Amino acid sequence: MPTPIVSKRAPIYADIPDEKWNDWRWQLSHRLNTAEDIEKVLPLTDSERKALQTQGLFRVDVTPYFISLIDPNDPDDPTRKQIIPVSEELNAFTSMMEDSLAEDRHSPVPGLVHRYPDRVLMLVTTQCASYCRYCTRSRIVGDPGQTFNRQEFEMQIEYLKNTPQVRDVLLSGGDPLVLAPKVLEELLTRLREIPHIEIIRIGSRVPVFMPMRITQELCDMLAKFHPLWLNIHVNHPNEISLELAEACDRLSRAGIPLGNQSVLLAGVNDCAHLQRELVQKLTRIRVRPYYLYQCDLVEGAGHFRTPVAKGIEIIEALRGHTSGYAVPQFIVDAPGGGGKIPVMPNYMLSMSDHKVIVRNYEGYVTTYEEPTEYKSHDPKTCKFCQNKRPEPGQTGLTGMLDGEQLFIKPEGFDELHNRGGGQHRLRDENKWKPLGIGSGETD
Ligand SMILES: *Cc1c(COP(=O)(O)O)cnc(C)c1O
């Protein structure tokens, strides 16, 4: 039987009138952030109390709605671990970094991360409705002093106007849906004035932390900016409440395709069976699981990390075992700024010149006979090949397959292999250029 989708309210909020409880402004202004506040809802552990009393800790704030999802009698409650700090947050670990994805290095202007050829990440605020303890952007998030000003916003817009290769803008932060409605509307209007921006995406945990913010009025406003996509962030089936289901329904009816991004977290969702329940419950509320992230090497998140193998195990338990629509991509976001790297179980077991051996989720092993007569696709007569978008310096392996380059070398490769010798008669550069015989793709 599917688990029921329910509504919860902590006993201390029992007498709050519904008009207040369902008003997102009330939720925001009644967020809990001290040991004293939180103690009124659930008894704190020593580790939690110590963390809450530590100076310089990553910001704490929890909406009354979200804290109500916690079972107060369970110190290991999965919702609790995501938003109430513990003293392990203060522990350092090997390879821990402040900006593990090197986002600031990929920012041509403050708050705009241009990592991939055709899309950018635009950080529009540092504020959130509540703060996830494993935040990958804890270096700036939560700090009102780090938030982006008017001048920086104008620089972001200017960069986008001058960069026609960008066809997709992903708004994040912080959480774009905590911006004042007028500010968000102006931002979207300014983006829509740029003709080469085809799609706008929003990454937001507001539907999860504060579903009452997803009013019909907000949905109507967002619907003016289509095509607009939205990813939410649910980590555990307990977060899928009646209120979240209704908020997602309003967003879907406004024509906004919904996806979910989860983070794989030790003690929260590092169980294949829990993940199956999560992704199935998400599809019931018309949210498509998009990514499951390996936890980043970020300060404060060490105690949440799992081995990468846990993610492989989870995908093994999902693919084939449940609807394809419900299976996210498991992603390791490469430390140092390499970007998102999908990682998955191996389904390809072996191959010869005419067949491949593949296996399915049940361990059924089969062969696929390759065609003996395949008329190669001809890039010279294909209009898509002729009109391909430029990706200056970023075509990578697809560029190698396209014949743009023969090899990719690590930095310093040529100097190292020169072994201190100079240019001599046997070192003619042309030796390593293809002679142009054959496919014609390499000329
Ligand atoms: C995640 C991310 C994107 C979007 O990646 P998709 O795989 O297209 O969802 C874009 N830019 C940056 C910097 C990102 O981290």
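Mentor: A polar side-chain atom of Y290 lies 2.6 Å from an oxygen atom of the ligand, and Y291 likewise places a polar side-chain atom 2.6 Å from a ligand oxygen. R201 has a polar side-chain atom 2.9 Å from an oxygen atom of the ligand. The protein covers 88% of the 380 Å² of accessible area that the ligand has on its own (Shrake-Rupley method, 1.4 Å probe).

This is a predicted model, in which local features need pLDDT of at least 70, side-chain atom pairs count only at pLDDT 80 or more, and totals for chains, interfaces and linings use all residues. Residues are numbered from 1 along each chain as its sequence is written, and side-chain values use heavy atoms, with hydrogens and water left out.

Besides Y290, Y291 and R201, the ligand is surrounded by V113, R115, Y116, R119, L121, L170 and K340 (a heavy atom within 4 Å). This shell divides into six nonpolar, no polar and four charged residues (Ala, Val, Leu, Ile, Met, Phe, Trp, Tyr, Cys and Pro count as nonpolar, Asp, Glu, Lys and Arg as charged, and the others, Gly among them, as polar).

The ligand takes up the space of the largest pocket (more than half of its atoms lie within 2 Å of the pocket's grid points). That pocket has a volume of about 1,100 Å³ (the space filled by probe spheres set on the points, joined across faces, edges and corners). Its lining has 44 residues, with T136, R137, S172, Q261 and Y293 nearest the centre. The lining comprises 20 nonpolar, 14 polar and 10 charged residues. A pocket here is an open set of points on a 1 Å grid over the protein atoms alone, where a 1.4 Å probe fits, with protein on both sides within 12 Å along at least five of seven lines; lining residues have an atom within 4 Å of a point.

Terms used: A polar contact is a pair of N or O atoms within 3.5 Å; within protein, one must be able to donate a hydrogen and the other to accept it, and residues adjacent in sequence count only if both atoms are side-chain atoms.
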